[in-house]
Amino acid sequence: MENIKEKVIIITGASSGLGESTALHLSKHGAKVVLAARRIEKIQLLSKKIQEHGGQALAVATDVSNKQDMIDMAEATIKKFGRIDVLINNAGIMPLSALPSLQVDEWDKMIDVNVKGVLYGIAAVLPYMKEQKSGLIINTSSVAGHKIFPGSTVYSATKTAVRIISEGLRQEVKDFNIRTSIISPGAVKTELLDHITDEKIQSANKEYVGNVGLKPETFARLVAFIINEPEEVDINEILFRPTAQEL
Ligand SMILES: NC(=O)c1ccc[n+]([C@@H]2O[C@H](COP(=O)([O-])OP(=O)(O)OC[C@H]3O[C@@H](n4cnc5c(N)ncnc54)[C@H](OP(=O)(O)O)[C@@H]3O)[C@@H](O)[C@H]2O)c1
């Protein structure tokens, strides 16, 4: 994991779940991590914990669905660490519901966070990566970006969009020596299901993920693998599931 050392890595959604675990894992391998999320007290605590263990971290309160927040967060990164080697567009929400429930506000939020948030992240870091002539953008999709099931329509649409955006980006940033990866996790035990408002869908998912869900460290290890590869290797997509997951 020598290639991770000293890399400046932004992680959105670093206040819990996959993002938090990834920040801890990468900092243990010597990365300088920038923690972006809305819950500032959580990312400040995480930053403190990382620094107490000899690591380097910066917590920046950020709403990924706010264009200016993302630009400010990238600027704060440059000010503190001087460059941006990796952006992990990880922040996401999954308030599952069936279309006939007409949870239109939740559809809007998913599009704002899962799709626009990823695009705003790309827009915030690309100018720096282009100038550096190097960079890596890792976008978090999902098995739901490959599959659809009742209740997942809008979420699956946003996660499919993430895959399309990543592949388009890959083709369009080659000349700048910028790499792009998609990670599509299956069930992982995090806070993701807490925000499902449909009680039936929430309890069914909680039971399932409680039974088969993986630990967030699984995602963190795969992120580390991608970042550690030499610059001429572009790992474009990883899809992983618990062995027991059928969908
Ligand atoms: N867990 C799974 O089974 C699974 C499977 C496939 C894909 N994923 C994807 O993995 C990613 C991480 O999710 P998780 O499982 O780790 O869930 P989680 O524990 O709920 O974490 C979600 C993270 O996203 C952040 N977030 C949400 N809205 C945000 C906003 N507007 N601005 C900034 N940050 C925001 C949250 O931070 P704040 O609330 O502090 O802002 C939190 O840190 C998501 O993209 C999710 O879709 C998860």
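Predicted model: local features only at pLDDT ≥ 70, side-chain atom pairs only at ≥ 80, totals over all residues.

Colleague: Okay. Which residues come nearest the ligand?

Modeller: Ser15, Leu18, Arg38, Tyr155 and Thr190, out of 29 residues around the ligand. A residue counts as near if one of its heavy atoms lies within 4 Å.

Colleague: And what lies 2.7 Å from an oxygen atom of the ligand?

Modeller: A polar side-chain atom of Ser15. That's a polar contact, meaning a pair of N or O atoms within 3.5 Å. Ser16 has a side-chain N or O atom 2.8 Å from a ligand oxygen, and for Val188 a backbone N or O atom lies 2.8 Å from an oxygen atom of the ligand.

Colleague: How much of the ligand does the protein cover?

Modeller: 95% of the 870 Å² of accessible area that the ligand has on its own, by the Shrake-Rupley method with a 1.4 Å probe.

Colleague: What sort of residues make up the shell?

Modeller: 12 nonpolar, 12 polar and five charged. Here Ala, Val, Leu, Ile, Met, Phe, Trp, Tyr, Cys and Pro count as nonpolar, Asp, Glu, Lys and Arg as charged, and the others, Gly among them, as polar.

Colleague: Switching to pockets, where does the ligand sit?

Modeller: In the largest pocket, in the sense that more than half of its atoms lie within 2 Å of the pocket's grid points. A pocket is an open set of points on a 1 Å grid over the protein atoms alone, where a 1.4 Å probe fits, with protein on both sides within 12 Å along at least five of seven lines; lining residues have an atom within 4 Å of a point.

Colleague: How much space lies in the largest pocket?

Modeller: About 1300 Å³, taken as the space filled by probe spheres set on the points. The lining has 49 residues, and Gly92, Ile93, Met94, Tyr155 and Leu192 lie nearest the centre.

Colleague: What about the second largest pocket, what volume does it have?

Modeller: About 240 Å³. Its lining has 13 residues, including Ser27, Lys28 and His53.

How values were computed:
Residues numbered from 1 in each chain as written. Heavy atoms only, no water. Polar contact = N/O pair within 3.5 Å; in protein donor to acceptor, adjacent residues only side chain to side chain.
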